[in-house]
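Subject: Structure handover

Hi,

Here is the structure for you to take over. Please open it first, then read the notes below.

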Amino acid sequence: MQRLFVDLLKSQRIANPLILDVGIGLGAPTLIDLAGELHRAGFEAATVVGMDASANILTATNLILTRFRASGDIPNGIQIILEHGDISLPCESPFSLKSIVERLCGVGTLADLCLSSNLLRGLPDHVLKQAITSMRACVSEGSFIGLGAGNSEDLLTVDVFRATSEQVLASFNIHYGESVSEHQQRLTKLLAIA
């Protein structure tokens, strides 16, 4: 999932992207993978903000990230920041996604990409609607939102939204360990409709 969206960012020629990863859970490996994908794609600088509503999870994830930073496994120029936030809160709340982005990067700042895996599955409809509204409010007009949901041990379904629309732009089934050609075909299809 990360590779698809990093390549999508690259196609938009964004120099120093701001990416939100919402509901990271114990997502240090996912954040590190995202940092690696950004580096491999040629991004010299990027900011990844990992958010979760659980302070305990953020503490545990921060300990893992600290070890990876110390061993040099997070590329220089790729900044990973962990923040306590709640996707179900309205934008004016101090712990909403939009408030967090503005606190970190300045009022009026919007992200270039917002990702979430397995966070929204099973949410009640009223919470899901607010979550999507919150994600859309914190990303720039031309950017994307990617929502993933694991269907099995080796399959992830990813829905891609434009920030300006509630309609799914594309939906993909991604197998873990897919080939480069499968990834390239998926990216080509996405770029054709984006």
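Start with R13. This residue is found in the loop between α1 and β1, the latter spanning 18–22. Keep in mind that the model is predicted. R13 is not a glycine, yet its phi is positive, at about 55 degrees. Most residues other than glycine have a negative phi. R13 also counts as exposed, because its relative accessibility is 76%.

Next, the helix pair. Helix α1 covers residues 2–11 and helix α2 covers residues 28–40. Their axes come within 9 Å and cross at roughly 35 degrees. The crossing of α1 past α2 is right-handed. On the α1 side, the contact is made by Q2, R3 and V6. On the α2 side, T30, D33, L34, E37 and L38 make it. Sorted by class, this contact of α1 with α2 holds three nonpolar, two polar and three charged residues.

Now the cores. The largest nonpolar core has 35 residues. Within this core, F5, L38 and L65 touch the most other members. Helix α2 gives the largest share of the core, with six residues.

What does F5 touch, leaving out residues up to four places away in sequence? The list is L113, L115, F144, I145, G146, V158 and V160. Another core lies apart from the largest one. This other core has 20 residues, including M51, V101, I132 and F161.

Last, the cysteines. How many disulfides does a search of the whole structure find? The count is zero. A disulfide is a covalent bond between the sulfur atoms of two cysteines. The cut-off used for a pair of cysteine sulfur atoms is within 2.5 Å. C114 counts as buried, because its relative accessibility is 0%. For C105, the closest cysteine sulfur is also in C138. That distance is 11 Å, so it is too far for a bond. C105 counts as partly exposed, because its relative accessibility is 36%.

Best regards

Technical notes
Residues numbered from 1 in each chain as written. Predicted model: local features only at pLDDT ≥ 70, side-chain atom pairs only at ≥ 80, totals over all residues. Heavy atoms only, no water. Axes fitted to C-alpha atoms, helices over the stretch in contact; angles between N-to-C directions. Helix = DSSP H or I, 4+ residues; strand = E, 2+ residues; numbered from the N terminus. Left-handed = near helix turned anticlockwise from the far one by under 90°. Contact = heavy atoms within 4.5 Å. Nonpolar A, V, L, I, M, F, W, Y, C, P; charged D, E, K, R; others polar. Buried < 20%, exposed > 50% of the residue type's maximum accessible area, 1.4 Å probe, protein only. Core = buried A, V, L, I, M, F, W, Y, C linked by side-chain atoms within 4.5 Å.
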